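Dear colleague,

Please find below the structure that I am handing over to you, followed by an account of what was found in it. I would be grateful if you would read the notes with the model open beside them.

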Amino acid sequence: MTKLVTSKIKGIYNSLTDKEKQAAQYIIERPADVIHYSITELSNWAGTSETTIYRVLKKVGYSGYQKFKLELARELSTPTLELKESKDLVDMIYNKTVNSLTDILRQTDRDKINRASEMILNSKKLLFYAVGRSFPVALDASLKFAALGFASTAYPDPHMQVIVASNLEKDDVVVAISHSGVIRDTYKSAQVAKDAGAFTIGITAGINSPMSKIVNLVLYTSAEMPQESEFTVSRIGEIFMVELLYNSVASKMSLKNKESRISQAMRTKRFS
C-alpha cells in the first residue's frame with residue numbers, strides 16, 4: 001500500500017524550510033479544506049507562495065497539484081476509527097497510539113515485510129543498529145530474534161557499529177532503526193554495512209530521509225504531528241514494525257523444539 005498524503009508530509013516535516021513548514025502545517029491540519037482549494041487559494045490561506053507549495057509537494061513525490069489533491073481526497077474518503085477528543089491524559093495517549101498504529105496498518109507494504117523476513121530468515125548474522133531513544137527498540141528486537149536462534153546482536157555505540165559493519169558479508173543483515181531517519185550515526189553505520197555487502201533494512205518514519213535512501217529496503221512507520229516535542233515522540237511505530245518482522249519470521253519457522261529448550265532453560269529462573 002502507498003503512504004497516506006498527510007503521513008508523507010509529516011515524515012518530511014523536519015527537513016523543510018520555515019516557509020515550507022508553514023504550508024505543510026496547513027495541509028496537515030486542514031486536509032478537508034485543502035481538497036477544495038486551487039493552488040492559489042491554498043497559498044493564500046497558508047500564507048506562502050505557490051512556489052513553496054510546489055516545493056513541498058515535489059518533496060513528497062507529487063509532480064502536480066491535481067494528483068496531490070486526488071490522493072488527499074482518496075485518503076479522506078477512507079473510513080477511519082472515530083476517537084473522541086479528550087483532555088484526559090489517559091485518553092490522549094490512547095488516541096495518539098491508536099492513530100499511529102492505524103496509519104501504519106493502512107499503509108504497510110506486506111510484500112516488503114515478507115521480503116525483509118525472508119532476508120532475515122536466511123541471514124548468517126543479524127545486527128540491529130540504533131542510538132539514543134531508538135536503541136531500546138533495537139535491543140528488544142535483538143533479544144526476540146536471539147530467542148528464535150539467530151546470531152543476533154544490538155549495538156548502541158556508533159564506533160562499534162562501523163567496526164562490525166566493515167567486516168560484514170553478503171549473507172548478513174543489518175536493521176537500522178531511527179524514528180526521524182536523519183541521525184548521522186545510524187545513517188553512516190548502515191552505509192558502511194551496505195558497502196561491505198550486507199543487506200540493510202531501515203525502520204523509520206522519515207520519508208525520503210537520508211537513512212531511507214541508503215538502505216536496501218525501508219519500512220516506514222508513522223510520523224508524529226509536527227508540534228510534538230522530542231520528549232513526547234513515541235517509538236510505538238518502530239516497536240510495532242519489529243513485532244511484524246518477528247512474527248513474520250517466526251511464522252516461517254518450526255518453533256516447537258526451540259520453545260521447549262527456552263522453557264527448560266528459563267525454568268531455573270522462576271519461583272514457580
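I begin at the surface. Leu89, Met92 and Ile93 form a nonpolar patch there, and together they have about 300 Å² of accessible area. Leu89 belongs to helix H7, which spans residues 89-107. This residue counts as exposed, because its relative accessibility is 60% and the cut-off for exposed is over 50%. Please bear in mind throughout that the model is predicted.

In helix H5 (residues 50-59), the buried residues are Thr52, Ile53, Val56 and Leu57. They lie on the same side of H5, because the arc they cover around the axis is only 135°. An α-helix has 3.6 residues a turn, so residues three or four places apart point the same way. After H5 comes Gly61, with a positive phi near 100°.

Helix H10 (residues 158-165) is the second case, with Pro158, Gln161, Val164 and Ala165 buried. Viewed down the axis of H10, these buried residues fall within an arc of 130°, so they line one face of the helix. The face turned away from the buried side of H10 carries His159 and Ile163, both exposed. The cover over the buried residues of H10 includes strand E1, strand E2 (152-155) and helix H11 (184-196).

The model contains seven aromatic pairs. In one of them, Phe128 and Phe145 have ring centres 5.8 Å apart and planes at 25°; the pair is therefore stacked, since planes under 30 degrees apart count as such. This pair links distant parts of the chain, as Phe128 is in strand E1 (residues 126-129) and Phe145 is in helix H9 (residues 135-147), 17 residues apart. Phe128 counts as buried because its relative accessibility is 1%, and Phe145 counts as buried with a relative accessibility of 1%. Phe145 also forms an edge-to-face pair with Phe150, at 5.8 Å centre to centre and with 80° between the planes. Phe150 is buried, as is Phe145. Phe128, Phe145, Phe150 and Tyr246 form one aromatic cluster.

Leu126 is another residue of strand E1. Its relative accessibility is 0%, so Leu126 counts as buried. Which residues does Leu126 contact, leaving aside its neighbours within four places in sequence? They are Ile120, Phe145, Phe150, Ala151, Ser152, Thr153, Val173 and Val175. Leu126 and Thr153 are 27 residues apart in sequence, and their C-alpha atoms are 6.6 Å apart in space.

Finally, I would draw your attention to a point of backbone geometry. Most residues other than glycine have a negative phi. Asn208 is not a glycine, yet its phi is positive, at about 55°. Asn208 lies in the loop between strand E4 (199-204) and helix H12 (210-214). With a relative accessible area of 37%, Asn208 is partly exposed.

Yours sincerely

Terms used. Residues numbered from 1 in each chain as written. Predicted model: local features only at pLDDT ≥ 70, side-chain atom pairs only at ≥ 80, totals over all residues. Heavy atoms only, no water. Buried < 20%, exposed > 50% of the residue type's maximum accessible area, 1.4 Å probe, protein only. Helix = DSSP H or I, 4+ residues; strand = E, 2+ residues; numbered from the N terminus. Arc of directions from axis to C-beta. Patch = residues over 30% accessible without salt bridge, like charges linked within 9 Å, V, L, I, M, F, W, Y side chains within 5 Å. Areas by Shrake-Rupley, 256 points an atom, 1.4 Å probe, with all protein chains shown as cover. Salt bridge = Lys/Arg side-chain N within 4 Å of Asp/Glu carboxyl O. Phe/Tyr/Trp six-rings, centres within 6.5 Å; stacked < 30°, edge-to-face > 60°. Contact = heavy atoms within 4.5 Å.
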